[in-house]
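Subject: Structure handover

Hello,

Here is the structure, with my notes below it. Please read the notes alongside the coordinates.

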Amino acid sequence: MIVFARCVASHAVGHQEGGQPKHAVVAMPTIGAIARLQLVVPLAVLAVLTMTVANVSAVWQRNVKRMLAYSSVEHMGILAFGLALGQPGAFGALQHVVNN
């Protein structure tokens with residue numbers, strides 16, 4: 001255990017002395033954020049569109065089976081919107097699936 005602690009301590013000291021270029025560290029989260037936005041925004045827009053169209057269609061239905069089908073489509077929109085929101089939304093979507 002003492003040998004492991006010394007190796008970790010010497011490794012940490014070595015990193016403090018070496019100069020890493022900081023622009024590479026800053027660029028990585030930016031690339032990840034752009035890639036995430038390219039996936040999240042279309043998913044969120046599609047989810048809101050799905051919820052809106054399904055709700056409006058369900059309101060005008062007289063057939064109970066079709067109303068239930070539109071309600072199920074609307075619930076899938078809720079789940080997709082939860083996934084688009086990130087980790088807390090994905091957890092909420094998972095709870096929605098389990099509870100329904």
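Tyr70 is in helix H3; helices (H or I, at least four residues) and strands (E, at least two) are DSSP runs, numbered from the N terminus. This is a predicted model, in which local features need pLDDT of at least 70 and side-chain atom pairs count only at pLDDT 80 or more, while totals for chains, interfaces and linings use all residues. Residues are numbered from 1 along each chain as its sequence is written, and side-chain values use heavy atoms, with hydrogens and water left out.

Tyr70 and its surroundings

With a relative accessible area of 30%, Tyr70 is partly exposed (buried means under 20% relative accessible area, exposed over 50%, partly exposed in between; 1.4 Å probe, protein chains only). Leaving aside neighbours within four places in sequence, Tyr70 has contacts with Ala54, Ser57, Ala58 and Gln61, where contact means heavy atoms within 4.5 Å. Thr50 lies 20 residues from Tyr70 in sequence, and their C-alpha atoms are 9.8 Å apart.

Gln61 sits in the loop between H2 and H3. Gln61 has a relative accessible area of 19%, so it is classed as buried. Apart from neighbours within four places in sequence, Gln61 is in contact with Arg66, Met67 and Tyr70.

Glu74

Helix H3 also holds Glu74. A salt bridge is a side-chain nitrogen of Lys or Arg within 4 Å of a carboxyl oxygen of Asp or Glu. Not counting residues up to four places away in sequence, Glu74 touches Met51, Ala54 and Asn55.

Helix H2

Val45 is placed in helix H2 and counts as exposed because its relative accessibility is 53%. Val45 and Phe81 are 36 residues apart in sequence, with a C-alpha to C-alpha distance of 8.3 Å.

Val53 is also in helix H2, which covers residues 22-59. Its relative accessibility is 47%, so Val53 counts as partly exposed. Together, Leu46, Leu49 and Val53 make a nonpolar surface patch of about 290 Å². Patches are made of residues with over 30% relative accessible area and no salt bridge; like charges are joined within 9 Å, nonpolar side chains (Val, Leu, Ile, Met, Phe, Trp, Tyr) within 5 Å.

The chain as a whole

The protein chain has 4 helices and 0 strands, and its pattern along the sequence is α-α-α-α. Of its 100 residues, 16% are buried. Among contacts with a separation of 6 or more, 49% are between residues 24 or more positions apart. The accessible surface is about 8,200 Å², with 71% of it belonging to carbon and sulfur atoms; accessible areas come from the Shrake-Rupley method with a 1.4 Å probe, and for residues only the protein chains shown count as cover.

Confidence

The chain averages a pLDDT of 76, and 63% of the residues score at least 70; pLDDT is the predictor's confidence in each residue, from 0 to 100. Where pLDDT is low, the predicted coordinates should not be read in detail.

Regards
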